[in-house]
Amino acid sequence: MIVGVGIDVVDIARFSARLEANPRLGERLFTAQELGLRPQSLAARFAAKEALAKALGAPVGLRWTDATVVRDPGGRPRLQVEGTVAARAEELGVARFHVSLSHDAGIASAVVIAEGEG
């Protein structure tokens, strides 16, 4: 059963410029594991976090760093959640997340599907 779906797109150049202008922004948005990535990968991960928030109903109080985009052994992206994000997912009955990332032509995008046991 699908509990929620979210999608987001990010202009990579504009996002990178904002990170350069405000270095502390990266620390508020990304985990230590994510911070060393290339700008297009960071933009895609930000899009994934925005899409995740939308899939969870965009509640107030979610912490950006309570979600990390990682790669599984096969190279597919997946979400690790904790804290505020895990609590909201549990509240909604989310059993797993599906995530897809892309970046091309200066745009990064992500889709997140929150799936329940249903």
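Q: Is D72 buried or exposed?

A: Buried means under 20% relative accessible area, exposed over 50%, and partly exposed in between, with a 1.4 Å probe and protein chains only. D72 has a relative accessible area of 14%, so this residue counts as buried. The model is predicted: local features need pLDDT of at least 70 and side-chain atom pairs count only at pLDDT 80 or more, while totals for chains, interfaces and linings use all residues. Residues are numbered from 1 along each chain as its sequence is written, and side-chain values use heavy atoms, with hydrogens and water left out.

Q: Where does D72 lie, and which backbone atom does its side chain reach?

A: D72 belongs to the loop between β2 (67-71) and β3 (77-81); strands (E, at least two residues) and helices (H or I, at least four) are DSSP runs, numbered from the N terminus. The backbone nitrogen of G74 is reached by the side chain of D72 at 2.8 Å.

Q: How are β2 and β3 joined?

A: Two strands pair if DSSP finds at least two bridges between them. Here β2 and β3 run antiparallel and are joined by five bridges. Four of the five residues of β2 are buried, so β2 is largely enclosed by the rest of the structure.

Q: Which strands form the open sheet, and in what order?

A: In a regular strand the side chains alternate between the two faces of the sheet. In this model, three strands form an open sheet in the order β1-β5-β4, with antiparallel pairing. At the edges stand β1 and β4 (94-104), each with a single partner strand, so one side of each has no neighbour in the sheet. Neighbouring strands of this sheet are turned by 10 degrees against each other on average, direction ignored; the axes are lines fitted to C-alpha atoms, and angles run from 0 to 180 degrees between N-to-C directions. Nine bridges join β1 to β5 (residues 107-116), and D11 stands opposite I107 in β5.

Q: What is the phi of A58 and of A105?

A: A58 has a positive phi of about 50 degrees although it is not a glycine. Its place is in the loop between α4 (39-55) and β2, and A58 is exposed, with a relative accessible area of 51%. A105 has a positive phi of about 55 degrees and is likewise not a glycine. A105 is found in the loop between β4 and β5 and counts as exposed at 75% relative accessibility.

Q: Which residues line the largest pocket?

A: Rolling a probe the size of a water molecule over the atoms shows where empty space is left. On a 1 Å grid over the protein atoms alone, a pocket is an open set of points where a 1.4 Å probe fits, with protein on both sides within 12 Å along at least five of seven lines; lining residues have an atom within 4 Å of a point. The lining of the largest pocket consists of V9, V10, D11, R14, F15, R18, L25, L29 and F46.

Key: Polar contact = N/O pair within 3.5 Å; in protein donor to acceptor, adjacent residues only side chain to side chain.
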